[in-house]
Amino acid sequence: HPQPCPRLILASPLYAATVAGLDEAPRAALQAMDSLGRRAPEAGLSVLEPLYRALPEPVRERALRMLASFDPASVAATTRFLASEQQPFADPRELRVLSLPALVLAGVDPQHPREVAQLYATELPNCSLRELADARAAISELLR
């Protein structure tokens, strides 16, 4: 839908499609998130805090602030979907049809491997790959 979405920003992509598959670290992380996420509607979002507190410093505080804004039922549905490994595309080459300007910010932890970000940046035709630490500057450039 290029009209409502003139630019694309992907921060720390996780999914590498069935061609590349998920490595064991992202798969284990998704399963752990799902086991806790399913409890969120009854127990509250605090059940996910240990996972978020274990994130590397560059993203930990931002992730904890985001967690506080989540809806518990949506968390349960999202973690269930992510753990299922069902995704909107099976082959990263499908990204080649997206001609809009794109920015991919590489992940900084084993659950969001840099290799996945590189794969996205390679397949998106009008894309640049930057480090998550450079997000503000990279987003400003994309929006100019």
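I looked up how helix 2 (residues 24–37) meets helix 6 (residues 72–84) in this predicted model; helices are DSSP runs of H or I, at least four residues, numbered from the N terminus. I found the two packed at an angle of about 150°, axes 8 Å apart (axes fitted to C-alpha atoms over the stretch in contact, angles from 0 to 180 degrees between N-to-C directions). That makes helix 2 roughly antiparallel to helix 6 (over 145 degrees).

I listed the contact (heavy atoms within 4.5 Å): helix 2 gives Leu-30, Gln-31, Met-33, Asp-34 and Gly-37, and helix 6 gives Val-75, Ala-76, Thr-79, Arg-80, Leu-82 and Ala-83. I sorted these residues into 6 nonpolar, 3 polar (Gly counts here) and 2 charged (Asp, Glu, Lys, Arg).

I then checked the largest pocket, lined by 37 residues (an open set of 1 Å grid points where a 1.4 Å probe fits, with protein on both sides within 12 Å along at least five of seven lines; lining means an atom within 4 Å of a point). Nearest its centre I noted Ser-12, Met-33, Tyr-52, Met-66 and His-112. Met-33 also belongs to the helix 2 contact.

I numbered residues from 1 along each chain. Local features need pLDDT of at least 70 and side-chain atom pairs 80 or more, while lining totals use all residues, and side-chain values use heavy atoms without hydrogens or water.

Conventions: Parallel < 35°, antiparallel > 145°, perpendicular 65-115°, else oblique.
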